[in-house]
Amino acid sequence: MSEQRNAEAFSESIDACIVRGFLADRKAMFKNLARQGLSRGVVLERARQLGLTEQFLKKCAVGTPAVALRDCLGCGERFLSVGFQNRLCSRCRSKT
Ligand SMILES: [Zn+2]
C-alpha cells in the first residue's frame, strides 16, 4: 500500500487547512487532518506539491506576501501563489 494520493483526493478546504497550518499551528493541523484519515506523510507530501517549502515558509516569516491557493494557468493544478501576478505553479515556471 502506498501513501500516494491523487491531487483530486484533496479538497480545496483541506488544501487551505494545510496552508493555514503551515503558516500558523502546524501541530494542530496535523492532528485535525489525522482525524480525517490523512497521515502526516500524506500531508507533508501534499504540502510539498502545493509549494510549501522551507524556503517559502522563511519568506513568509520575513513579511507575509499575499498568499493564496490558485489554479495554475499552465496545468490547472492548485498551488500556493504569492501575489496576484503569480499564476504558474513551480513546475510550470521551471519549464519556461
Ligand atoms: Zn502548473
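Student: Is L73 buried or exposed, and why?
Tutor: L73 counts as exposed because it has 10 C-beta neighbours inside 10 Å. The cut-offs are 20 or more other C-beta atoms within 10 Å for buried, 12 or fewer for exposed, and partly exposed in between, with C-beta atoms placed from the backbone.

Student: What kind of model is this, and how are residues numbered?
Tutor: This is a predicted model: local features need pLDDT of at least 70, side-chain atom pairs count only at pLDDT 80 or more, and totals for chains, interfaces and linings use all residues. Numbering starts from 1 along each chain as its sequence is written.

Student: What is the mean pLDDT of the chain?
Tutor: The mean is 85, and 88% of the residues reach 70 or more. pLDDT is the predictor's confidence in each residue, from 0 to 100.

Student: Where is confidence lowest, and where highest?
Tutor: Lowest in helix 4 (residues 54-62), at a mean of 78. Highest in helix 2 (residues 26-35), at 96.

Student: Back to L73. Where is it found?
Tutor: L73 is in the loop between strand 1 (67-71) and strand 2 (78-82). Helices (H or I, at least four residues) and strands (E, at least two) are DSSP runs, numbered from the N terminus.

Student: What does L73 touch?
Tutor: R87 and L88, not counting residues up to four places away in sequence. Contact here means C-beta atoms, placed from the backbone, within 7 Å. The C-alpha atoms of L73 and L88 are separated by 5.7 Å, though the two are 15 residues apart along the chain.

Student: Which way do strand 1 and strand 2 run?
Tutor: They run antiparallel, joined by five bridges. Strands pair if DSSP finds at least two bridges between them. The two form a hairpin with six residues between them, and G76 in the turn has a positive phi of about 85°.

Student: Which residue is the bridge partner of V67?
Tutor: V82, in strand 2. V82 is partly exposed, with 16 other C-beta atoms within 10 Å.

Student: Zooming out, how many helices and strands are there?
Tutor: Five helices and two strands. Along the sequence the pattern is α-α-α-α-β-β-α. Buried residues make up 14% of the 96 residues in the chain.

Student: Which residues form the largest nonpolar core?
Tutor: There are 10: I18, F22, L38, V43, A47, L50, L52, F79, L80 and C89. Helix 1 (12-23), helix 3 (40-50) and strand 2 are the elements that give two or more residues to this core. Helix 3 gives the largest share, three residues. A nonpolar core is a set of buried Ala, Val, Leu, Ile, Met, Phe, Trp, Tyr and Cys residues joined through C-beta atoms within 7 Å.

Student: What is L50 in contact with?
Tutor: Leaving aside neighbours within four places in sequence, L50 contacts D15, I18, V19, F79 and L80.

Student: Now helix 1. Which of its residues are buried?
Tutor: I18, G21 and F22. They cover an arc of only 95° around the axis, so they sit on the same side of helix 1. That arc is taken over the directions from the helix axis to the C-beta atoms.

Student: What do those buried residues pack against?
Tutor: The buried residues of helix 1 pack against helix 2, helix 3 and helix 4.

Student: And which residues are exposed on the other side of helix 1?
Tutor: E12 and S13 are exposed there.

Methods
Contact = placed C-beta atoms within 7 Å.
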